[in-house]
Amino acid sequence: MEFMFEIGINLIETYLIVEFITRFLGTKFDGKKRNVCFLVGWFVIFAELCIRNYITVLESFSAYIPIFFYCIYAFACLKGTFFTKIWISLFIHIIVISIAVLTNLAVCNLVGYDPYSMINVFNEIRIVSVILTKVILFYTTRIVLKIKFDNNNENSTWAMLTIVPMISVISILFLMRAAYEYSEVKDYVLLGIICIVIANIITYYFFNLTNKQHKDKLMIRLLKQQNENAIKNIEDSQSFINQMRVVKHDIKNQLLTIYNYIDTGNTNQAKKYIKDITDDYLPVSRTLVNTKNDAFNAVINAKTAICDNKGVFSEVKVDSEAIGLLDAYDTVAIFGNLLDNAIEAAECTELKRISVEVKRIDDYLSVLVGNSISASVLDVNSTLTSTKKNSEFHGIGLKSIKSIVKKYDGMIDFYEEENEFFCHIMLMLK
């Protein structure tokens with residue numbers, strides 16, 4: 001019984017550790033190779049833990065051995081920098097040890113049990129204490145992952161999810177004290193503790209189910225918004241093309257008129273005529289942006305044409321080679337949303353200016369989009385929550401951008417400088 005219990009607990013503990021490290025860093029591989037790496041890493045770390053539990057020689061030194069195995073798994077199978085992999089290996093080991101020590105001490109102090117007996121004697125108190133340790137480890141890793149990835153759940157939801165296990169832990173501790181003082185009810189107490197643990201598992205399951213439904217609804221909204229953006233970009237591109245057709249259609253007659261003025265010696269009239277048609281056609285006949293990314297070309301040229309029509313000055317600096325490495329679908333989503341927001345904001349300012357800079361920095365694609373502002377945006381709206389009606393839908397554009405940034409293991413930052421608002425995105429190039 002004791003042997004099977006220890007094996008089961010070791011399996012649970014090592015699974016939680018390997019799963020946490022894997023989710024925190026992200027895997028290098030996909031499909032079967034990813035699953036094989038996870039299972040091999042889990043088995044090796046599980047075997048190491050089982051062997052270490054029976055080592056008495058150099059016991060204090062052996063406590064640091066797991067860090068080595070965590071690092072090996074991280075370097076072989078996971079993403080991240082050298083120091084990040086070492087840090088997360090140390091971090092999870094410290095968390096595991098701290099939870100085990102603090103939980104056992106709390107149980108011993110509350111129940112009045114000997115800490116030495118807790119470690120060496122297999123009984124109901126040890127069983128409950130060990131199970132309690134793993135439950136706390138489970139919720140601790142969930143909270144850390146939530147902080148890292150911020151899955152957009154309401155803080156109240158996470159607060160409730162955190163309060164449930166905390167209340168459960170307190171309840172279990174008091175039940176254990178009652179069982180220790182009144183041995184005749186220990187079987188009922190143990191059953192009650194098991195029910196509390198199962199209730200926590202069910203609570204977390206339904207939380208994940210609700211969370212998945214929330215993400216599915218959000219994804220549908222994202223796809224709907226991206227589809228609307230794509231249609232709008234097509235319309236903008238078509239409008240731009242139509243304008244160019246007008247220029248092409250009229251240019252022959254314009255040149256003939258100018259030629260006639262010059263031929264008859266009316267140079268001043270010719271100059272005036274050139275100025276008139278320049279004012280009419282220069283905004284749409286500017287030099288087109290032409291890179292190795294056709295989607296970028298379509299979006300940027302359409303948006304700059306809109307800027308010209310609205311009197312917004314636009315400046316575009318782009319590395320053609322770098323932008324060519326970005327997926328077309330993601331290109332439209334990022335630049336369509338960013339430029340729509342930038343143009344709308346700049347249009348309401350005195351300077352009326354936007355800027356776009358795209359370049360490669362080492363293994364990252366750097367995207368910097370700025371627009372003029374009349375007053376600080378971040379001081380009054382640091383989370384950049386939409387202030388429009390139906391803000392739930394208007395905020396989808398920023399969520400779409402953040403989802404793409406996450407897809408590319410990138411970073412996004414918002415800042416202000418000299419009456420300009422900037423969005424800086426770094427995307428890891430694959």
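Does Cys423 count as buried or exposed, and at what relative accessibility?

## Cysteines

In this predicted model, Cys423 counts as buried, at 3% relative accessibility. Cys307 is buried too, with a relative accessible area of 0%. The disulfide count is zero. A disulfide needs two cysteine sulfur atoms within 2.5 Å.

## Overall make-up

The protein has 430 residues, and buried residues make up 39% of them. It contains 15 helices and five strands.

Now the contacts. Among those with a separation of 6 or more, 70% join residues 24 or more positions apart.

## The sheet

Five strands form an open sheet in the order S1-S2-S3-S5-S4. The pairing is mixed. Strand S1 (313-318) and strand S4 (411-416) are the edge strands, and each pairs on one side only. From one strand to the next, the twist averages 10°.

Strands of a sheet pair through backbone hydrogen bonds, either parallel or antiparallel. S4 and strand S5 (residues 420-428) pair in the antiparallel sense, over six bridges. Asp413 stands opposite His424 in S5.

## Helices across the sheet

Helix H11 (residues 294-310) lies across S1 and strand S2 (353-361). H11 runs at about 160° to S1.

Helix H13 (residues 328-346) lies across S2, strand S3 (364-372) and S5. Its angle to S3 is about 20°.

Note on methods. Residues are numbered from 1 along each chain as its sequence is written. This is a predicted model: local features need pLDDT of at least 70, side-chain atom pairs count only at pLDDT 80 or more; totals for chains, interfaces and linings use all residues. Side-chain values use heavy atoms; hydrogens and water are left out. Buried means under 20% relative accessible area, exposed over 50%, partly exposed in between (1.4 Å probe, protein chains only). Helices (H or I, at least four residues) and strands (E, at least two) are DSSP runs, numbered from the N terminus. Contact means heavy atoms within 4.5 Å. Two strands pair if DSSP finds at least two bridges between them. Axes are lines fitted to C-alpha atoms, for helices over the stretch in contact, and angles run from 0 to 180 degrees between N-to-C directions.
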